[in-house]
Amino acid sequence: MNILGIETSCDETGVAIVNDQREVLSHLVVSQIKDHQVYGGVVPEIAARAHLDHLDTLIRLAMTEAKLDFSQLDGIAATCGPGLIGGVMVGMMAGKAIALAHNKPFLAVNHLEAHALTPRLIKDIPFPYLVLLVSGGHTQILVAENVGHYHLWAPTRDDAVGECFDKAAKLMGLPYPGGPNLEKLASTCSHPHIAHIKFPFSIPMQHSKDMAFSFSGLKTAVRNAVHTITDKNELPFLAHSFQDVLAKTLAFRADQAMARFRQDYPEQTQPALIVCGGVSANMTIRESLEKTAQTNGFTLFAPPLEYCTDNGAMVAWAGVELLKAGRISSLNMKARPRWPLAELKDTGT
Ligand code: KG4
Ligand code: ZN
C-alpha cells in the first residue's frame, strides 16, 4: 500500500510517500523560515502562496524519487486541518485533484492525529497509549485508543508550549523560529545551577486539581525578567531557566497522566508515552520525559527529529492508518482551521 502525503498547514511544505511496511519511499520538506524570518513569525498569506509555489514541484520530485507513477498509489492523504486555512486549502485541493484525476481514495488527515500516529511509522506501538502533543499551535495530553479515537486529558488553558518558546525567544532578541534558537542559547549557559537562582520560575498550575496546562503567565514572567537584564551575558541563564521550567512542567503533567493511565487501562501491560510535535525536538524536554517515563514503568517514544516538526511522512503514514481503518473521506471534505481530535469519532473522518 503506497500513500502520498501532503502537509501544508503551517510554514513547511511537506510531501512524502510511505507504504504500509513502514518504508519511507520519499520525504521532502521545504521550510519557509527565510520567507517569514523578517516578520518574526509566520505570515499566513505568505505561507499559503509559498505552498502554492512549491507543491507541484515537490510532488513531482517525490514521485520520481519513489519511482512510482500516480497509478501505483493506493491513496492520497492531505492535511485538512487544523492549521492556517490558506495553506491547508492549497494542500487539500492538490490532494483532492490527484485523487479525482486518478480515481484514488482521498484521505483527509487531521494534523494532530498525524503527529500522534507518527511513532507508529517507526515501530508498531500497540493502542492504547498516552500522547503528549507539543507543537507551535497545540499542547495537550491525550489517550490514543485507536485510529480516530482519542480522549483529551490535559488541554491548555491559553497558549501552546511552542508559542511560549517562540514568544520568549523573540523577547530575548532571538530570530524566528524561536524554539530551536532558544535551545541553542540555553546550551551556552556556563553555570546552569545559578540560572535558577538568577531567574526563578515555577511550574504553572502546579497546585491546581485541573490536569491542564497554562503558559501565558510564564510568558509574562519572561517579559518581566528580560526587562531586568542589562548585560547580554545574562541571556543564556534566562534561556536555561525558562527551558528547564517548561521541561519540568511537561514532565509534571505527564507524570500525573501516567498514574491515571495505569488506573484506567490496567490491561495495557506495555504502557507507552509518545511525545510528538515540533517541541519534542528539544533535548532537555526529551531527557526530562525519559526520566519520568522510566520512573512510571512507561516506555518513552519520540520520533526521529526529522519527523517531529511538520512533514509529509507523518501525513502519508496517517493516510496508511486511515485507509487500513476504512476511513476514506469524501471529496466534499472542507478545510478546517479548528479540528479537535475529539470530533473525529463523530464525523468518521
Ligand atoms: O509541530 P510543529 O512543526 O508545527 C506546528 O504544528 O505547530 O511545531 C513548531 C513549534 C515551534 O513553536 C518551534 O519553535 C517549536 O516547535 N520547536 C522547538 C524546537 N524545535 C521546534 N521548541 C523547542 N526546542 C526545539 N528544539
Ligand atoms: Zn505540527
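Reply:
**The zinc site and the ligand 1 shell**

His111 counts as buried because its relative accessibility is 7% (buried means under 20% relative accessible area, with a 1.4 Å probe and protein chains only). This is a predicted model, in which local features need pLDDT of at least 70, side-chain atom pairs count only at pLDDT 80 or more, and totals for chains, interfaces and linings use all residues. Residues are numbered from 1 along each chain as written, chains are lettered from A and ligands numbered from 1 in written order, and side-chain values use heavy atoms, without hydrogens and water.

The zinc ion (ligand 2) has His111 (NE2), His115 (NE2) and Asp310 (OD) as protein donors, 2.1 to 2.2 Å away; donors are N, O and S atoms within 2.8 Å of the metal (3.2 Å for Na, K and Ca), and with water absent, sites may look incomplete. Their spacing along the chain is H-x3-H-x194-D. His111 in helix H4 and Asp310, in the loop between helix H12 (305–308) and helix H13 (312–324), are 199 residues apart. Asp310 is buried as well, at 13% relative accessible area.

Now to ligand 1. An oxygen atom of ligand 1 is 3.2 Å from a side-chain N or O atom of His111, and one is likewise 3.2 Å from such an atom of His115. On the nitrogen side, a ligand 1 atom lies 3.1 Å from a side-chain N or O atom of Asn282. The protein buries 89% of the 550 Å² that ligand 1 exposes when taken alone (Shrake-Rupley method, 1.4 Å probe).

Conventions
Polar contact = N/O pair within 3.5 Å; in protein donor to acceptor, adjacent residues only side chain to side chain. Helix = DSSP H or I, 4+ residues; strand = E, 2+ residues; numbered from the N terminus. Buried < 20%, exposed > 50% of the residue type's maximum accessible area, 1.4 Å probe, protein only.
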